[in-house]
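Dear colleague,

I am passing on the structure below, and my notes on it follow. Please read them with the structure open beside you.

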Amino acid sequence: DNTGKTYLAKLLHQYRAIGEPVASYTYTDFCVEIKPESVLIPGKYKVIAIDRYDMFHSREIDELMYKCAMDTIILVDCKDPRNRPLYDDIVTIEIEEEWIRVY
């Protein structure tokens, strides 16, 4: 699947592996006990995608995201609106062969 937020999270993970200042955190990371703190580091990344936040949400993660949001774009996929982050806004993602647009 080459569309949507999960694809974007995978792509950011690949770019991080080659040294770009981007990261992602997924439900799979959570299941294998990788801590959200491993990517939610203020000032380290320019963009962080959090995929399926509703599956592992917590006030602590909200606070980490808030601290990072001062200088990092944080994109959060949350399917259940009852579990969305404390501070949020809705965006649209368009993915084409040569670019990704988030607005």
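**Aromatic residues and their surroundings**

Tyr53 and Phe56 are both buried, a word used here for a relative accessible area under 20%, with exposed meaning over 50% and partly exposed in between (1.4 Å probe, protein chains only). Please keep in mind that this is a predicted model, in which local features need pLDDT of at least 70 and side-chain atom pairs count only at pLDDT 80 or more, while totals for chains, interfaces and linings use all residues. Residues are numbered from 1 along each chain as its sequence is written, and side-chain values use heavy atoms, with hydrogens and water left out.

The structure holds four aromatic pairs, where rings of Phe, Tyr and Trp (its six-membered ring) pair if their centres lie within 6.5 Å, and where planes under 30 degrees apart count as stacked, over 60 as edge-to-face and the rest as tilted. The pair of Phe30 and Phe56 is stacked, because the ring centres are 5.4 Å apart and the planes stand at 20 degrees. This pair links distant parts of the chain, since Phe30 belongs to helix α2 (residues 27–31) and Phe56 to the loop between β2 (47–50) and α3 (59–68), 26 residues apart. Phe30 is partly exposed at 36% relative accessible area, whereas Phe56 has a relative accessibility of 6% and so counts as buried. The rings of Tyr53 and Phe56, with centres 5.9 Å apart and planes at 75 degrees, are edge-to-face. One aromatic cluster is formed by Tyr25, Tyr27, Phe30, Tyr53 and Phe56.

**Fold and strands**

The protein chain has three helices and five strands, which follow the pattern α-β-α-β-α-β-β-β along the sequence; helices (H or I, at least four residues) and strands (E, at least two) are DSSP runs, numbered from the N terminus. Of its 103 residues, 35% count as buried.

Strand β2 and strand β3 (residues 73–76) run parallel and are joined by four bridges, and two strands are said to pair if DSSP finds at least two bridges between them. Val47 has Ile73 in β3 as its bridge partner. The chain passes from β2 through α3 to β3 in a right-handed β-α-β crossover, that is, with the strands pointing away from the viewer, the path from the first strand over the helix to the second runs clockwise.

Ile48 lies in strand β2 and is buried, with a relative accessible area of 0%. Leaving aside neighbours within four places in sequence, Ile48 is in contact (heavy atoms within 4.5 Å) with several residues, including Ala23, Val39, Ile73 and Leu75.

**Cysteines and backbone angles**

How many disulfides does a search of the whole structure find? The search finds zero disulfides, a disulfide being a pair of cysteine sulfur atoms within 2.5 Å. Cys31 is partly exposed at 44% relative accessible area, while Cys68 is buried at 0% relative accessibility.

Most residues other than glycine have a negative phi. Glu33, although not a glycine, has a positive phi of about 65 degrees; Glu33 sits in the loop between α2 and β2 and is exposed, with a relative accessible area of 67%. Arg52 likewise has a positive phi, near 60 degrees, and is placed in the loop between β2 and α3, where Arg52 counts as partly exposed at 26% relative accessibility.
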